[in-house]
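Let me put the structure up, and then I'll walk you through the packing.

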Amino acid sequence: RTAVVGFVQRSSRLASLKIRVVGGKAVFFSAYAPHSGKPFDERQEFYQDVAEAVTAVSSHGPRILLGDWNARLYRRLPGEENIVGDGVFTNSHATIPNNANRHLLMELCTSQNLAVASTFCNNSAEKLITSYNVGSQAMDPVCWQAHSQIDFALCTQSWLPSFLNSYTDRSLPLPTHHY
């Protein structure tokens with residue numbers, strides 16, 4: 001038996017849904033992070049708000065955060081093995097900007113014991129990309145100039161073994177740059 005326990009619109013960029021499931025409650029968050037062109041303080045405040053929301057909610061089940069994190073991971077860095085899997089649309093030659101959303105996302109994951117669950121799925125680059133860049137088209141050949149991986153599913157690390165798969169299908173028509 002499942003039942004919706006509550007829905008909370010925390011801001012225009014963050015909402016949560018709590019569902020009663022066998023053994024407890026599962027909480028799903030929907031997030032839309034400010035893009036990297038926004039002031040750092042605004043982006044940092046968003047990620048802090050997410051951390052506070054995750055901490056404040058009670059659950060005896062999974063906490064799953066889905067959304068547009070506007071964070072390019074570029075690659076897994078040393079020490080991130082419990083947070084980021086092998087499923088990263090990798091650009092090993094890219095310089096990671098110091099004030100990138102990537103760092104804010106990693107801080108969130110570290111502080112809340114989260115993993116970027118969608119990177120622990122074994123998928124091809126075509127199924128890893130989650131958006132196409134301005135000036136490109138959805139079906140352009142998969143490359144760093146045309147595509148990005150900025151949308152992720154996060155979950156508590158203890159629930160990571162239960163997260164089976166997540167992938168994109170860029171052939172589905174959507175009125176957005178995201179898949």
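So, start with the two helices: helix 1 and helix 2 cross in a right-handed way. Keep in mind that this is a predicted model. The axes of the two helices come within 10 Å, and the crossing angle is roughly 20°. That's why helix 1 counts as roughly parallel to helix 2.

Who's touching whom? On the helix 1 side you've got Phe40, Arg43, Gln44, Tyr47, Val50, Ala51, Val54 and Thr55, and they meet Asn101, Leu104, Leu105, Leu108, Ser111 and Gln112 of helix 2. Sort that contact by class and you get 8 nonpolar, 5 polar and 1 charged residues.

Now, the core. The largest nonpolar core has 28 residues, and the ones touching the most other members are Tyr47, Trp69, Leu105, Leu108, Val116 and Leu154. Strand 3 (24-32), helix 1 (40-56), helix 2 and strand 8 (151-156) each put in two or more residues. Helix 1 is the top contributor, with 6.

Let me zoom in on Leu105. Skipping neighbours within four places in sequence, Leu105 is in contact with Tyr47, Trp69, Ala71, Leu73, Phe152 and Leu154. There's also a second, separate core of 10 residues, and Tyr74, Phe89, Ile129 and Tyr132 are among them.

Last stop, Ser92. Where does Ser92 sit? In the loop between strand 4 (63-68) and helix 2 (101-112). Ser92 has 48% relative accessibility, so we call it partly exposed. From Ser92 to Gly135 is 43 residues in sequence, and 23 Å in space, C-alpha to C-alpha.

Key
Residues numbered from 1 in each chain as written. Predicted model: local features only at pLDDT ≥ 70, side-chain atom pairs only at ≥ 80, totals over all residues. Heavy atoms only, no water. Helix = DSSP H or I, 4+ residues; strand = E, 2+ residues; numbered from the N terminus. Buried < 20%, exposed > 50% of the residue type's maximum accessible area, 1.4 Å probe, protein only. Core = buried A, V, L, I, M, F, W, Y, C linked by side-chain atoms within 4.5 Å. Contact = heavy atoms within 4.5 Å. Axes fitted to C-alpha atoms, helices over the stretch in contact; angles between N-to-C directions. Parallel < 35°, antiparallel > 145°, perpendicular 65-115°, else oblique. Left-handed = near helix turned anticlockwise from the far one by under 90°. Nonpolar A, V, L, I, M, F, W, Y, C, P; charged D, E, K, R; others polar.
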